[in-house]
Amino acid sequence: MSHDHGHHPHPDHQDGHHPHGLAHGQEGGRLARLRHRAGHLLVPHSHESADKLDAALESSSRGMRALWVSLAVLGVTAVAQAVIVVISGSVALLGDTVHNAADALTAVPLGIAFLLGRRAATRRFTYGYGRAEDLAGIVIVATIAASAVFAAWTAIDRLVDPREMQHLWVVAAAAVTGFIGNEWVARYRIRVGRQIGSAALVADGLHARTDGYTSLAVLLSAGGAALGWRLADPVVGLLITAAILLVLRDAAREIFRRVMDAVDPALVDAAETALRQVPGVREVGGLRLRWIGHRLRAEADIVIDGHLNVRAGHHIAVEAEHALLHAVPKLAAAVIHTDVEPDTGERDPHHLLAHHTAA
């Protein structure tokens, strides 16, 4: 028996399919209701489907703004660096410029994912299109990998065929410019990504931050060249390649976890604690959380008194979902399945399902 207020209104259930609803005559129930009412007075909010949709659209809009602003900043930074690459012939700066340009272009798949995520669920895509963000994350990882290959190839070529770096002070200035642009973008993307719950946007922000530090590494290249070390430029280019590979590892791990429906265990602990505090919930069975785009969905099994009527059981499940919405940030919907404690000598109510779950 399940309950979900995530995307549609809930009619009165009189067929016994959705047990919840307990008249709280006990002191604990009254105190719980008073706490909820006080919370609503202090922080007004709504759990209606329209309000959840508005919140999802607003988070996507914020993500889009973050992408466009950061794209503009990184685009200007990459163009400025590209001009200096042509003038100076620095392979380290070339590798950094290519990486910055690739980082700017990752806004494209993310933007498409945010736009897709706004589309309503369909009969085929019943959970909507939020997982498009995970696909965008895979594209980002592939882009990082391609930039690492290009940077390595260019650096090795320059090791084999060393060339003099020209206009060292201009190269140094370009490196500082790259650091400032990337660090600003990193802070902006990470902040917005964490606020809206987008792992792909956070990963892209961390990518930009590392790009900023690799830009500073170009300063070492210019410094080594100024001291007469001809191989400083390609060696620093290889160091930049190593830094890109570290970013690739972290980004791939982040996206892998999201694709595999990993969540922070602290969220699971918070959800379990909230459910156990709901009056009428005697035990919490299975509890599952998963990200769909930058919104969470929950499925929980709770045990209630088997002698309650349908309305009483329904009320408990509503309270359980309400508790989850307060306890778990970014939660869009919860499905609550109610189990009952079997009486002495009674068969397990789930015996009909046993042959479907057997290994």
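How many residues does helix H7 have, and how far does the helix reach from its first C-alpha to its last? Helix H7, residues 199–226, has 28 residues and reaches 42 Å between these two atoms. This is close to the 40 Å expected at 1.5 Å a residue, where the expected span is 1.5 Å times one less than the number of residues. The structure is a predicted model, in which local features need pLDDT of at least 70 and side-chain atom pairs count only at pLDDT 80 or more, while totals for chains, interfaces and linings use all residues. Residues are numbered from 1 along each chain as its sequence is written, and side-chain values use heavy atoms, with hydrogens and water left out.

The protein chain has 359 residues, of which 44% count as buried; buried means under 20% relative accessible area, exposed over 50%, and partly exposed in between, with a 1.4 Å probe and protein chains only. Its secondary structure comes to 11 helices and 4 strands. Among contacts between residues at least 6 apart in sequence, 76% join residues at least 24 apart, a contact being heavy atoms within 4.5 Å.

Helix H6 (residues 168–196) contains 29 residues, and its end C-alpha atoms lie 42 Å apart, in agreement with the 42 Å that it should span at 1.5 Å a residue.

Asp261 has phi near 65 degrees and is placed in the loop between helix H8 (232–259) and helix H9 (265–276). With a relative accessible area of 25%, Asp261 is partly exposed. Lys330, with a positive phi of about 70 degrees, belongs to the loop between helix H10 (310–327) and strand E4 (331–340). Lys330 is likewise partly exposed, at 22% relative accessibility.

The axes of H9 and H10 come within 9 Å and cross at roughly 145 degrees; axes are lines fitted to C-alpha atoms, for helices over the stretch in contact, and angles run from 0 to 180 degrees between N-to-C directions. On the H9 side the contact is made by Ala270, Ala271, Ala274 and Leu275, and on the H10 side by Ala320, Ala323, Leu324 and Ala327. By class, the residues of this contact are 8 nonpolar, no polar and no charged; Ala, Val, Leu, Ile, Met, Phe, Trp, Tyr, Cys and Pro count as nonpolar, Asp, Glu, Lys and Arg as charged, and the others, Gly among them, as polar. Helix H10 also holds Ile316, which is buried at 0% relative accessibility.

Strands E2 (residues 283–292) and E3 (residues 295–304) run antiparallel and are joined by 8 bridges; two strands pair if DSSP finds at least two bridges between them. Ile292 has Arg295 of E3 as its bridge partner. The two strands form a hairpin with 2 residues between them, and Gly293 in the turn has a positive phi of about 70 degrees.
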